[in-house]
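Me: I would like to learn how to read a model like this one, feature by feature, with the general idea stated before the particular case.

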Amino acid sequence: MSNAIVFTHKDLIERSKQGDTKTQYKLYALYVEAMFNVCMRMVKIKEDAEDILQESFIEAFKNLNNFRYESTFGAWLKRIVINKSINHLKLKKLPLITIENDNYSIQNNTEEHQDNHLNFDVNRIKKGITLLPQGYQTIINLYLIEGYDHVEISEVLGINTSTSKSQYHRAKKKLIEIMHQL
Amino acid sequence: MSNKFEKYVEKHKLEFDVHTIDEASKLRLWGQIAPQLTKPTPKVIPLWQKPVFKVAATIVLLMGCTLFFTLYTSNINQNTIVNNELYDIDNHYKVLVNNQITLIKHNTHLTEEDRTEFLTLIDDLDQEYNKLKKELTLGINNQKIIEAIISNYRKKIKLMEDLLNRSYPINDTIDDEAITL
């Protein structure tokens, strides 16, 4: 990642570290909507998303001195939001992974085959995701939309990377099936 | 390995951000966040409310009082000694000075000019004496001041003796006759 990207909003971040409330608000205003979308994708209920958002920003600002530009501020903040969202799902006892009896041991060439015969459309994908079981939705969101790799997902969900991979492939297979039916 | 599906989603990622948050909600949320970001003012426990400090303060106060009274008493004692010493000196030298003054008063050989000069010198010495007496009350290096007072008296007596010596007529004839005899 180039330095220019990593140091995005450096001035605002540094002033926020000093406790400048106006700058903290500016930083909040810049990221609140993107983080709200992350929350909504994860927990789906607006009130819950707002609660998580609030807790995440408080934690982020309180721990801002620990942010050392090893990633972008957005990625750092998103990690906090996602962790909070996962904790929220755990508290609600919602499954983080989906266990199905069907055998979804999909070969890559089969996936490619399926992909090539599907006309992609953002709205159909979004609709398809909502029809997935909760565990599949989580892994699809994390991998496909939030851009996490399987190592990061395994850390966030507390599973191993191979489980993450298999979960993703199953989820994707299910999603494509659903999309075919839409 | 990303395939066509992942690539498509990656390309249209922003279109998945469908939720918006209005300004009112933004401000409302910030209103709940901001108060938690202000650093709480550290609770200050006044030092004097600590029992340890109270004990220490009492000890210091007692020590201070003891030291003050010790020094004060010692100073009083020292002043008494100095005053007694000064009283003795004054008594001793005043007698001598008064004797000399009587002699000067009764001396008919003194010119007016000699008297005026003598009085001026005596005035200066008196001023010096008063100044030294004042310094004695300060209690700084009393021994030296006492010595200076004694020296002052001696100067006065010496002046008077010199004046009287100068005023008496010298009778050379008598002396010569005595030698002849």
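Me: Which residues does A:Ile140 touch, not counting residues up to four places away in sequence?

Reply: Keep in mind that this is a predicted model. Leaving out sequence neighbours up to four places away, A:Ile140 touches A:Ile129, A:Leu132, A:Ala171, A:Lys172 and A:Leu175.

Me: Which residues have the most contacts inside the largest nonpolar core?

Reply: In soluble globular proteins, nonpolar side chains tend to be buried together. Here the largest nonpolar core has 42 residues, and those with the most contacts inside it are A:Met35, A:Phe36, A:Cys39, A:Leu53 and A:Ile140. At least two residues of this core come from each of H3 (21-43), H4, H5 (73-91), H7 (122-130), H8 (134-145), H9 (150-157) and H10 of chain A, and likewise from H1 of chain B. The largest share, 11 residues, comes from H3(A), and domain 1 (3-91) and domain 2 (108-181) of chain A each give the core at least three residues.

Me: Why does A:Thr163 count as partly exposed?

Reply: The class follows from a count of neighbours: A:Thr163 has 16 C-beta neighbours inside 10 Å, and therefore counts as partly exposed, since a buried residue needs 20 or more and an exposed one has 12 or fewer. A:Thr163 is found in helix H10 (residues 161-181) of chain A, and its C-alpha lies 8.9 Å from that of A:His150, 13 residues away in sequence.

Me: How many residues does each chain give to the contact between chain A and chain B?

Reply: Each side is counted separately, with 23 residues from chain B and 28 residues from chain A. On the side of chain B, helix H1 (4-11) and helix H2 (23-37) are the elements that give two or more residues, and H2(B) gives the most, with eight residues. By residue type, that side divides into 10 nonpolar, six polar and seven charged.

Me: Which elements of chain A have the lowest and the highest mean pLDDT?

Reply: Confidence is read for the chain and then for its elements: chain A has a mean pLDDT of 87, and 87% of its residues reach 70 or more. Among its elements, helix H6 (residues 108-116) has the lowest mean pLDDT (55) and helix H4 (residues 46-62) the highest (95).

Key:
Residues numbered from 1 in each chain as written. Chains lettered and ligands numbered in written order. Predicted model: local features only at pLDDT ≥ 70, side-chain atom pairs only at ≥ 80, totals over all residues. Contact = placed C-beta atoms within 7 Å. Helix = DSSP H or I, 4+ residues; strand = E, 2+ residues; numbered from the N terminus. Nonpolar A, V, L, I, M, F, W, Y, C, P; charged D, E, K, R; others polar. pLDDT = per-residue confidence, 0-100. Core = buried A, V, L, I, M, F, W, Y, C linked by C-beta atoms within 7 Å. Domains from an automatic or database assignment.
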